[in-house]
Amino acid sequence: DKFHSKLYKVKVGTVSAQKEGETEKQETRHKVEEDRKPQIEAAIVRIMKARKVLDHNSIITEVTRQLAPRFLPNPAVIKKRIESLIEREFLERDTDDRKMYRYLA
């Protein structure tokens with residue numbers, strides 16, 4: 001009865017996680033897509049460095065296979081990244097067959 005603790009008992013309320021709003025979802029999705037661009041480009045360059053010449057469908061298949069453990073890339077995004085690499089002169093289209101790409105760098 002005479003014992004009195006010097007410690008205080010404090011109750012802390014738990015904070016419930018808030019749902020992400022639609023604009024926040026779009027913002028997050030956009031950031032994720034921006035973060036994935038260099039990964040997709042790196043995979044394309046690695047594949048083309050090894051193969052030197054490859055057709056479009058094979059590149060899409062290889063990139064998807066390489067990045068599958070991390071995420072599933074959209075073929076349209078892969079195509080945009082290939083176009084970006086062509087503009088920056090890492091790749092070029094074959095003069096005879098437009099679906100073939102050559103590694104330049």
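Predicted model: local features only at pLDDT ≥ 70, side-chain atom pairs only at ≥ 80, totals over all residues.

Residues are numbered from 1 along each chain as its sequence is written, and side-chain values use heavy atoms, with hydrogens and water left out.

**Helix pairs**

Helices are DSSP runs (H or I, at least four residues), numbered from the N terminus. Axes are lines fitted to C-alpha atoms over the stretch in contact, and angles run from 0 to 180 degrees between N-to-C directions.

| Pair | Angle | Axes |
|---|---|---|
| Helix 1 and helix 2 | about 120 degrees | 10 Å apart |
| Helix 1 and helix 3 | roughly 70 degrees | within 10 Å |
| Helix 2 and helix 3 | roughly 115 degrees | within 10 Å |

Angles under 35 degrees count as roughly parallel, over 145 as roughly antiparallel, 65 to 115 as roughly perpendicular and the rest as oblique. Helix 1 (residues 22-51) and helix 2 (residues 56-67) pack at about 120 degrees, which makes helix 1 oblique to helix 2. Their contact (heavy atoms within 4.5 Å) involves Gln39, Ile40, Ala43, Ile44, Arg46, Ile47, Met48 and Arg51 of helix 1, together with Ile59, Glu62, Val63, Gln66 and Leu67 of helix 2. By class, eight of these residues are nonpolar, two polar and three charged, where Ala, Val, Leu, Ile, Met, Phe, Trp, Tyr, Cys and Pro count as nonpolar, Asp, Glu, Lys and Arg as charged, and the others, Gly among them, as polar.

Helix 1 and helix 3 are roughly perpendicular to each other. Lys37, Ile40, Glu41, Ile44 and Val45 in helix 1 meet Val77, Ile78, Arg81, Ile82, Ser84 and Leu85 in helix 3, a contact that divides into seven nonpolar, one polar and three charged residues.

Helix 2 and helix 3 are likewise roughly perpendicular. Here His56, Ile59, Ile60, Val63 and Thr64 of helix 2 touch Pro75, Ile78, Lys79 and Ile82 of helix 3, and the classes are six nonpolar, two polar and one charged.

**The largest pocket**

A pocket is an open set of points on a 1 Å grid over the protein atoms alone, where a 1.4 Å probe fits, with protein on both sides within 12 Å along at least five of seven lines, and lining residues have an atom within 4 Å of a point. The largest pocket is lined by 13 residues, of which Glu33, Lys37, Ile40, Asn74 and Val77 lie nearest its centre. Helix 1 gives the largest share of this lining, six residues, and the lining as a whole divides into five nonpolar, two polar and six charged residues.

Notes:
Helix = DSSP H or I, 4+ residues; strand = E, 2+ residues; numbered from the N terminus.
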